[in-house]
Amino acid sequence: MNKTAEQYWKANIRLVSILLAIWFICSFLFGIILVEPLNTIKIGGVGLGFWFAQNGSIYTFLVLIYVYAKRMNALDVEFDVHED
């Protein structure tokens with residue numbers, strides 16, 4: 001594997017790792033582990049922990065998909081492996 005391919009995959013794995021960590025924090029940590037302390041904060045009449053468990057992790061996932069697509073397109077152009 002040449003140096004450029006190694007750098008590309010390291011950047012790809014780093015991006016995926018960061019995005020998965022963010023998703024884990026929002027879904028598991030905020031929605032399950034820290035639900036009781038977060039429920040002291042109210043949003044629209046419901047606790048923030050409940051909101052993260054029901055809606056927040058889904059919204060976070062959608063934003064992360066968008067960020068991943070944009071960032072991977074930029075990486076593809078940077079390493080000249082884009083399809084366009």
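1. Axes here are lines fitted to C-alpha atoms, for helices over the stretch in contact, and angles run from 0 to 180 degrees between N-to-C directions. Helices (H or I, at least four residues) and strands (E, at least two) are DSSP runs, numbered from the N terminus. Two packed helices are described by the angle between their axes and the distance between the axes.

2. Basis. This is a predicted model, in which local features need pLDDT of at least 70, side-chain atom pairs count only at pLDDT 80 or more, and totals for chains, interfaces and linings use all residues. Residues are numbered from 1 along each chain as its sequence is written, and side-chain values use heavy atoms, with hydrogens and water left out.

3. Confidence. pLDDT is the predictor's confidence in each residue, from 0 to 100. The protein chain averages 91. A score of at least 70 is reached by 96% of the residues. Among the elements, α2 has the highest mean pLDDT, at 94. Strand β1 (residues 42-43) has the lowest, at 90.

4. The helix pair. Helix α1 covers residues 3-33 and helix α3 covers residues 48-78. Their axes come within 8 Å and cross at roughly 170°. The pair is therefore roughly antiparallel. (Angles under 35 degrees count as roughly parallel, over 145 as roughly antiparallel, 65 to 115 as roughly perpendicular and the rest as oblique.) The residues of this contact divide into 17 nonpolar, 6 polar and 2 charged. Ala, Val, Leu, Ile, Met, Phe, Trp, Tyr, Cys and Pro count as nonpolar, Asp, Glu, Lys and Arg as charged, and the others, Gly among them, as polar.

5. Helix α1 itself. There is a kink of about 30° in α1, centred on I25. The bend at a residue is the angle between axes fitted to the seven residues ending there and the seven starting there. The buried residues of α1 are Y8, A11, N12, L15, L19, C26 and G31. Buried means under 20% relative accessible area, exposed over 50%, partly exposed in between (1.4 Å probe, protein chains only). The buried residues of α1 pack against α2 (35-38) and α3.

6. Y8 and N12. Both belong to the buried set of α1. Y8 has 12% relative accessibility. Leaving out residues up to four places away in sequence, Y8 touches M72, L75, D76, F79 and V81. Contact means heavy atoms within 4.5 Å. N12 is at 7% relative accessibility. With neighbours within four places in sequence set aside, N12 is in contact with Y68, M72 and L75.

7. V16. This residue of helix α1 is partly exposed, at 28% relative accessible area. V16 and L64 are 48 residues apart along the chain, and their C-alpha atoms are separated by 9.7 Å.

8. S57 sits in helix α3 and is buried, at 14% relative accessible area. Residues up to four places away not counted, S57 touches W23, C26, S27 and F52. K70 is also found in helix α3. K70 is partly exposed, at 49%. K70 and K42 are 28 residues apart in sequence and 33 Å apart in space, C-alpha to C-alpha.

9. A backbone point to check. Most residues other than glycine have a negative phi. D80 has a phi near 55°, a positive value in a residue other than glycine. D80 lies in the segment after α3 and is exposed, at 59% relative accessibility.
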